[in-house]
Amino acid sequence: MTHIQTDRDTMECDVLIVGAGPAGLSAAIHLKQLAQENNQEISVIVLEKAAEVGAHVLSGAVIDPVGLNALFPDWQKDGDMPLQTPVKKDSFYVLFKKRALRIPNFLLPPFLHNHGNYIGSLGNVCRWLRKKAEDLGAEIYEGFTASELVYDDNQAVIGVTTGDMGIDKSGNKKNSYEPGINLLAKYVLLAEGARGSLSKKVIEKFKLDSDSEPQKYGIGLKEVWEVNPDKHIPGFVQHSFGWPLDARTGGGGFLYHFDKNLVSVGFVVHLNYENPYLSPFDEFQRYKTHPKIRHLLQDGKRLSYGARAVCEGGYQSIPRLIFAGGALIGCSAGFVNVPRIKGSHNAILSGMLAAKAALSALKQGRKHDELCEYQDTFPQSLIAKDLRPVRNVKPLWSKLGTWLGIMIGGADMWMNYLKIGLPITCKHHKSDYECTKKASDFEPIDYPKPDGVVSFDKTSSVFLSGTNHEEDQPVHLHLSDPNIPINKNLPLYAEPAQRYCPAGVYEILSDTNGNPYFHINAQNCIHCKTCDIKDPAQNITWKTPEGAGGPLYNNM
């Protein structure tokens with residue numbers, strides 16, 4: 001627990017928002033919109049750890065406009081809005097090793113269809129939202145991490161402490177040292193995305209997940225390609241499941257055609273996979289070699305790469321949304337609709353709901369208490385209505401495997417759509433790290449070498465992410481016990497960190513005597529949070545590095 005550090009400068013505001021993604025920026029915008037409507041002056045600050053807004057944002061992204069419609073009813077008339085490609089064609093495939101079987105659209109529940117949605121870069125949408133927030137008077141500070149929460153004597157959250165700059169690897173102050181500040185607020189909204197470091201702390205401290213199922217995650221890997229104009233179909237959306245994953249491993253791929261000859265190519269692996277030899281990065285590279293994918297990419301150019309954890313627990317994994325002094329919004333709470341592969345619309349809507357509750361509290365002269373209006377209105381919200389009908393798909397897939405799980409999950413979605421769904425909610429039971437089985441139960445996977453045409457290695461991929469960290473700084477990936485990787489994870493699980501990390505951060509090397517040791521390339525970290533989620537010993541904790549570090553995503 002951190003109380004106010006009196007040796008630091010202090011700033012105060014009415015509402016502090018941690019994270020400038022769609023949830024955080026929408027909350028800032030709606031707070032200012034509501035304040036104007038009520039002739040009320042409020043101060044809103046948004047902290048963003050990336051070098052610029054949008055630089056750490058990664059999503060497919062096919063965007064349901066329901067959130068944008070609520071926030072800015074005339075957004076489509078804005079010539080600067082980067083979301084310009086409506087979905088015109090929607091296809092779903094089952095992939096086998098050499099062929100693909102299309103599932104007719106009429107077999108899919110209507111809420112899985114993508115017509116009416118838009119394709120684009122969520123990072124660019126966030127850059128657009130940033131301008132809208134600033135035009136309304138919100139203050140946005142880029143390159144500042146919220147490293148610790150600040151509590152008062154009553155255990156209420158009253159702000160954050162921003163991270164120190166200019167600390168070397170040994171923890172000593174360099175000539176460039178700048179201490180962080182205390183940034184205090186009447187309410188703090190956490191919009192950090194999936195597995196946010198502060199969100200993780202408040203969920204644990206306030207036991208916000210005591211009545212919910214464990215949160216589940218996937219890892220989403222994505223590249224943006226410029227393809228041959230003859231092969232580009234603006235507005236075309238293609239989803240698939242099956243090969244290269246086996247029937248016990250959930251996940252699938254996507255192709256989204258947008259803008260001028262650009263295609264988002266992505267692959268999601270559910271992190272409850274059992275085989276410790278599995279590498280999500282290499283499964284993604286294999287996916288691109290499928291004839292259905294290769295033909296599109298082989299004469300194109302790969303422009304960017306990135307990866308990010310995705311919340312997959314669904315309705316039953318949503319924790320209590322409020323705590324003394326603040327609330328969880330967006331993917332900090334887990335509002336992703338897994339079958340639809342969409343969450344940004346719910347992130348925007350949650351930011352608006354929390355903003356309304358916060359302004360109401362400020363009008364009443366309140367501070368540092370629970371925003372009960374946000375929690376109370378959630379069950380009747382559009383977010384809940386979006387998530388409830390699909391709540392059983394993920395646990396059924398996990399329990400029954402790909403083929404039977406998807407068939408029964410599809411039937412459950414149809415029944416919910418037709419209002420005849422059974423009043424049951426399937427449970428997840430286990431966290432993802434608990435699903436990892438012993439290496440002795442599996443054979444190592446022989447992944448093909450990248451061909452440099454459609455498949456690539458981690459080193460060249462991380463280069464395209466623009467990732468950079470100040471080298472001489474404390475490692476932000478903390479081991480609770482430095483001995484566990486070699487003494488436990490290596491013999492039991494073949495140390496899966498060297499495979500589940502999509503950026504080559506973790507390696508098993510040998511010293512001069514041939515003894516293995518665990519090496520962390522923290523500079524490579526693209527902030528996906530997979531290690532914090534999947535490590536079977538829960539020995540790795542992701543903490544914020546210096547502000548402005550990490551990826552610099554473009555068009556992601």
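This is a predicted model: local features need pLDDT of at least 70, side-chain atom pairs count only at pLDDT 80 or more; totals for chains, interfaces and linings use all residues.
Close-up 1. Leu404 is partly exposed, with a relative accessible area of 41%, and together with Leu400, Met407 and Ile408 forms a nonpolar patch on the surface, the four having about 350 Å² of accessible area together.

**Close-up 2. The largest nonpolar core and the surroundings of Tyr374.** The largest nonpolar core holds 80 residues, of which Ile17, Leu371 and Tyr374 touch the most other members. Helix α7, covering residues 344-363, gives the most to this core, with 11 residues.

**Close-up 3. Strand β16 between its two antiparallel partners.** Strand β16, residues 251-258, is mostly covered, since eight of its eight residues are buried; Gly251, Gly253, Leu255 and His257 lie on one side, while Gly252, Phe254, Tyr256 and Phe258 lie on the other. Strand β15, residues 236-242, runs antiparallel to β16 and is joined to it by four bridges, with Ser240 standing opposite Gly253. Strand β17, residues 262-270, also pairs with β16 in the antiparallel sense, over eight bridges, and here Gly252 stands opposite Val268.

**Close-up 4. The turn of the β16-β17 hairpin.** Three residues separate β16 from β17 in this hairpin, and Asp259 in the turn has a positive phi of about 50°.

Key:
Residues are numbered from 1 along each chain as its sequence is written. Side-chain values use heavy atoms; hydrogens and water are left out. Patches are made of residues with over 30% relative accessible area and no salt bridge: like charges are joined within 9 Å, nonpolar side chains (Val, Leu, Ile, Met, Phe, Trp, Tyr) within 5 Å. Accessible areas come from the Shrake-Rupley method with a 1.4 Å probe; for residues, only the protein chains shown count as cover. A salt bridge is a side-chain nitrogen of Lys or Arg within 4 Å of a carboxyl oxygen of Asp or Glu. Buried means under 20% relative accessible area, exposed over 50%, partly exposed in between (1.4 Å probe, protein chains only). A nonpolar core is a set of buried Ala, Val, Leu, Ile, Met, Phe, Trp, Tyr and Cys residues joined through side-chain atoms within 4.5 Å. Two strands pair if DSSP finds at least two bridges between them.
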